[in-house]
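Good morning, and thank you for joining. Please look at the sequence and the structure on the screen while I describe them.

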Amino acid sequence: MPADRILLIRHAQSQWNAEGRWQGQQGPGLSALGHRQAEATAAFLSARADDVRSLVSSDLPRVTETAAPTARALGLPLETDTRLREIDVGWWSGLTTHEVVARDGDRMAEIRDGADLPRGGAESVADLRARVAPAVDELAAAHDGGTILVFCHGGPVRAVVGALLGLSIVAERALAGPDNCSRTVVLHRGDHGSRLHRYNDTAHLVGVGEGSPTARYG
């Protein structure tokens, strides 16, 4: 029997989020606002998540910095898994959308028209889903009941939800990009399968600052 609940948490605002830069698998850690968001998330989770079995994170700095306060508050080790990384956007990393359009306008136009091409010569959304969705399924299957906290990125959250709902890569675009430190909850009900219970919830950040939806791949 898998974990009862998977709680997917997008990382807090990073320095490149604040500057509107594409990150992918590169970039620095959190902004000052991001650190406040991470602490608020830790306070919320530690007050409510009394059945947490493990805490797993992407190994990128903006995610481990987000997860660390929660790991301390719950007294759990912070495990990392490279499969939870954001989509690799190759040489687009560090550029603003305006700069990407100026340098790779034709590819960006095709992507906006629905083509799932490798971003910056690296990964496509299909590549991302094929990497992330099985990883989260594996994490869920490794635990008998309880809650698993998965700190990751906006792209992986959408990929997991898209796979769960049976959406095509094109249809997945109908999902709003998760906000910084948002919570997405997937419930497992044994033979009844998995259900999306909550998506992109930032209510715990009221008074702290939600940042912005940011560039899609952050």
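Predicted model: local features only at pLDDT ≥ 70, side-chain atom pairs only at ≥ 80, totals over all residues.

**Cysteines and the sheet**

The structure holds 0 disulfides, a disulfide being a pair of cysteine sulfur atoms within 2.5 Å. Residues are numbered from 1 along each chain as its sequence is written, and side-chain values use heavy atoms, with hydrogens and water left out.

Cys 152 is buried, at 2% relative accessibility, and Cys 181 is buried at 0%. Buried here means under 20% relative accessible area, with a 1.4 Å probe and protein chains only.

I turn now to the sheet. Strands are DSSP runs of E with at least two residues, and helices are runs of H or I with at least four, each numbered from the N terminus. Two strands pair if DSSP finds at least two bridges between them. An open sheet of mixed pairing is formed by 6 strands, in the order E3-E2-E4-E1-E5-E6. Its edge strands, E3 (78–80) and E6 (194–201), each pair on one side only.

Within this sheet, strand E1 (residues 5–10) pairs with strand E5 (residues 183–188) in the antiparallel sense, over 5 bridges. Ile 9 stands opposite Arg 183 in E5.

Conventions:
Buried < 20%, exposed > 50% of the residue type's maximum accessible area, 1.4 Å probe, protein only.
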